[in-house]
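Subject: Structure for you to look at

Hello,

Here is the structure I promised. Please open it, then read my notes below.

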Amino acid sequence: PYVESAAIPSVAIPLLQNDCKDTNVDIDWVWDVIHLSGDDKTYRLNLDGLRQEVDSWFAPGSLDGVLGSPQSEIEQIGRNWLTRSGKRWRPFLTVCTFKALQADIDMPLPPGLRKIAIAVECFHKASLIHDDIEDDDAVRYGEKALHEEYGTPVALNVGDLLLGEGYRLIAECDVSADARAEMLRVVASGHCTLCIGQGAELCWARSPQPLSSAQVLDIIRKKTAPAFEVALRLGAIYAGVSGEKISDVLSKYSEVLGVAYQIRDDLDDLTNNGATSDLDAMRPSLPLAIAYEKAKGKDKAALTRVWQRCADPTELSGRVSAVIEELKVEERCRQLMEAYKEEAVRSLVELENPSLKGLLRRVIGKIFSIELQGWCSEFEARNAAGREISAEAAGRIE
C-alpha cells in the first residue's frame, strides 16, 4: 500500500517456491526487469514478432526474391534445404544486433539486412549438410538427411553451393568496401574455427579415447560458438558499428552462449528430445565426459569401451544411462549450462550501448525458454554454479 500510495513504479515477480529455507525466484525474469530502463530503447521490441518476420524470409517465394529463381536442379535442392525447418537463431541474432544499434528501433528493416541474415543461414545450413555426412547421421529435422535423400556427392555439392551463395550475398550488400571486407574476414575466420573444431572430433574418431570435460568443452567452443559470433558481428558491422571493444564483447558472449546452447542439446540427448544423439552415436559429449570422470571400477571400464567405440551402442545403453543417472550427471550439466548463461550476461558488462546490452540479455531468455515445473528447486544450485564460473571458465573445472 505504501508503494502504491506514493506512486512508486514497481514490477512484481512471483516466487517459484515459497519456503523458509528454499525460496526461489526466476532469475531470468529478474534480469529482464533490471534491463527495463529508459536508456534501453529495445525493451518494447516484440522479439517473437521479429523472429516470425525473420522466419518468413525463408519461405520459397521470399528466398527467390533475394537469391533469384533457381535455374538448375541442384539450386532447387539447395533452396529446398534452406526452407526446411530449423530454429533460425543465427539470422535472428543478426537482425537483433542491427536493430539494437539503431537510433529508431521502429524503422523498417532494410532489404540489405535480409541478404546478410540469409547469408548467415546459408553458412549454417551448409555446415549441417557436411556435418551429417562426416558424422554419418541419417536424420535431420525429423526427416532424411540430405545425403541420405540425394546421395553424398549431391549433398556435398549443395553444401558448397550454399557457402558460395552466402559469400555472394555479402559481396552484394549495400555497405562500404571496408565494411564488406570486414564482414568477409569475420565469416572466413568463423568458418576456419568451425572446421578446426569439427576436425578435432574427426581426428579423435580415428583413434577414439576418453576425453575430459575440458577437452569436450574446447571442441564445443570451436564448433558452436563461431556461428553465433559471425551472426552477431555481421549485424553490428551492417549497422555501422565495429571496433576491437565491441568485437571482443560479442566474441566472448558468443563463446559462452554457444557452449550453453550445445550443453542444452546434450541434455536433450539424455531425455531423447534431440533429433540426433551424440550419446547414442558414441561421439564426444559433455554428459559422457562427466560420467567418465566420476565413474569408478566396472562402470569406468564400461564407459571406456563406449569412448573407444568398442561396444555396440545398444549393448551398453542401459548401463550408461544408469551410470549417468546414479552420478547425477544431468544435474551437473544443467548447472554448467545455467552458469554459462549467467556468464553470457556478465560478458555484456563492457558494452556501452544499453539497447544492445538489454536486447542480447533478453535473447538468452528466448533461446533457452524452459519449462519451470518440476525443477524449480534447482535454481539455487544454478546460481551457485554461476558464481563458480565467474572465478574460472567451466572448461577448466575439474
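**Charges over rings**

The charged end of Lys-300 lies over the ring of Tyr-292, at 4.1 Å from the ring's centre. Arg-90 sits over the face of Phe-228, 4.9 Å from the ring centre. A charge counts as over a ring if NZ of Lys or CZ of Arg is within 6 Å of the ring centre and within 35 degrees of the ring normal.

A word on the ground rules. This is a predicted model, where local features need pLDDT of at least 70, side-chain atom pairs count only at pLDDT 80 or more, and totals for chains, interfaces and linings use all residues. Residues are numbered from 1 along each chain as its sequence is written, and side-chain values use heavy atoms, with hydrogens and water left out.

**Aromatic pairs**

Rings of Phe, Tyr and Trp (its six-membered ring) pair if their centres lie within 6.5 Å; planes under 30 degrees apart are stacked, over 60 edge-to-face, and the rest tilted. The count is 6 aromatic pairs. In one of them, the ring centres of Trp-89 and Phe-92 are 5.9 Å apart and the planes are at 65°, so this pair is edge-to-face. Both residues belong to helix α6 (residues 89-100); they are 3 residues apart, about one helical turn. Helices are DSSP runs (H or I, at least four residues) and strands are too (E, at least two), numbered from the N terminus.

Is Trp-89 buried or exposed? Trp-89 is buried, with a relative accessible area of 4%. Phe-92 is buried as well, at 1%. Buried means under 20% relative accessible area, exposed over 50%, and partly exposed in between (1.4 Å probe, protein chains only).

Trp-204 and Trp-307 make another edge-to-face pair, with 6.0 Å between centres and 85° between planes. Trp-204 is in helix α10 (residues 177-206) and Trp-307 in helix α14 (residues 297-307), so the pair ties together parts 103 residues apart in sequence. Both Trp-204 and Trp-307 are buried.

**The whole chain**

The protein chain has 18 helices and 4 strands. Of its 398 residues, 48% are buried. Take contacts (heavy atoms within 4.5 Å). Among those between residues at least 6 apart in sequence, 73% join residues at least 24 apart. Beyond its neighbours within four places in sequence, Tyr-253 contacts several residues, including Leu-232, Ala-344 and Ile-364.

Happy exploring!
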